[in-house]
Amino acid sequence: MSQHEQDKELQLIAQQTQSWVEQVIMKYNICPFARREVERGSIRYAVIDESKMHNVLEALIKECKLLDDNPDVETTLFIVPRGFEGFYPYLDLVDVANNLLIEQGYEGVYQLASMHPDYCFDGEPMDEPSNYTNRSPYPLLHIIRETSMEQALASYKDPESIPERNIEFTQRKGSDFFAKLLSQCMKK
């Protein structure tokens, strides 16, 4: 694959992920804080063209440093399209990445939210509709600024109700509805 083809592929992955944020997460209010950042254009879509854990982790720390230096970027969707397609290897990445953030002094600065095409909450069946609240087009780590999250939660009436509301909504709509939405995002 030529560099040009590779760049186009990475750009497509970012566009598909952005479509998912806008057409699923924001449109259906899965994350009530997404709309503001989409409208501000403050979400960074970083596609990591690495498949080995140590290279991905190195890129993660570089992304945290980029966020340190760019306060106008509110959050990063750190997309890892290769090497972590399986849910369990991805969960290993999440664990190691969380530990690395602590080791690098980012505890209390950034937190990671996990999203994956096969996301499954612990103890839930794979076809449980609520899994779609964390199912994304590609494996990704959502790097969230802790201070921003604290401010958003403080200004949101009853933030504890968000997960319950999402579970109720996804169960009402069903897995097929969300599978179709994800599929439509991939066609962009």
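Visitor: What makes Phe-87 and Tyr-90 lie about one helical turn apart in helix 4?

Guide: Phe-87 and Tyr-90 are three residues apart in helix 4, so about one helical turn separates them. Helices here are DSSP runs of H or I with at least four residues, strands are runs of E with at least two, and both are numbered from the N terminus. The model is predicted, with local features requiring pLDDT of at least 70 and side-chain atom pairs pLDDT 80 or more, whereas totals for chains, interfaces and linings use all residues. Residues are numbered from 1 along each chain as its sequence is written, and side-chain values use heavy atoms, leaving out hydrogens and water.

Visitor: How many aromatic pairs does a search of the whole structure find, and why is the pair of Phe-87 and Tyr-90 called stacked?

Guide: The search finds 10 aromatic pairs. The ring centres of Phe-87 and Tyr-90 are 6.3 Å apart and the planes stand at 20°, so this pair is stacked; rings of Phe, Tyr and Trp (its six-membered ring) pair if their centres lie within 6.5 Å, and planes under 30 degrees apart count as stacked, over 60 as edge-to-face and the rest as tilted.

Visitor: What makes helix 1 and helix 7 oblique to each other?

Guide: The axes of helix 1 (residues 3-26) and helix 7 (residues 175-186) come within 8 Å and cross at roughly 140°, where axes are lines fitted to C-alpha atoms, for helices over the stretch in contact, and angles run from 0 to 180 degrees between N-to-C directions. Angles under 35 degrees count as roughly parallel, over 145 as roughly antiparallel, 65 to 115 as roughly perpendicular and the rest as oblique, and helix 1 and helix 7 are therefore oblique to each other. Their contact (heavy atoms within 4.5 Å) includes Trp-20 of helix 1 and Phe-178 of helix 7.

Visitor: What makes helix 3 oblique to helix 4?

Guide: The axes of helix 3 and helix 4 come within 11 Å and cross at roughly 45°, and that angle makes helix 3 oblique to helix 4. Among the residues in contact are Leu-57 and Leu-60 of helix 3, with Asp-92 and Val-96 of helix 4.

Visitor: How do you know which classes of residue form the contact of helix 3 with helix 4?

Guide: Ala, Val, Leu, Ile, Met, Phe, Trp, Tyr, Cys and Pro count as nonpolar, Asp, Glu, Lys and Arg as charged, and the others, Gly among them, as polar; this contact has 11 nonpolar, no polar and one charged residues.

Visitor: How do you know which strands are the edge strands of the sheet?

Guide: The open sheet has four strands in the order 1-2-4-3, with mixed pairing, and two strands pair if DSSP finds at least two bridges between them. Strand 1 (43-47) and strand 3 (110-115) each pair on one side only, as edge strands. Strand 2 (residues 75-79) and strand 4 (residues 140-145) pair in the antiparallel sense over five bridges, and Ile-79 has Leu-140 of strand 4 as its bridge partner.
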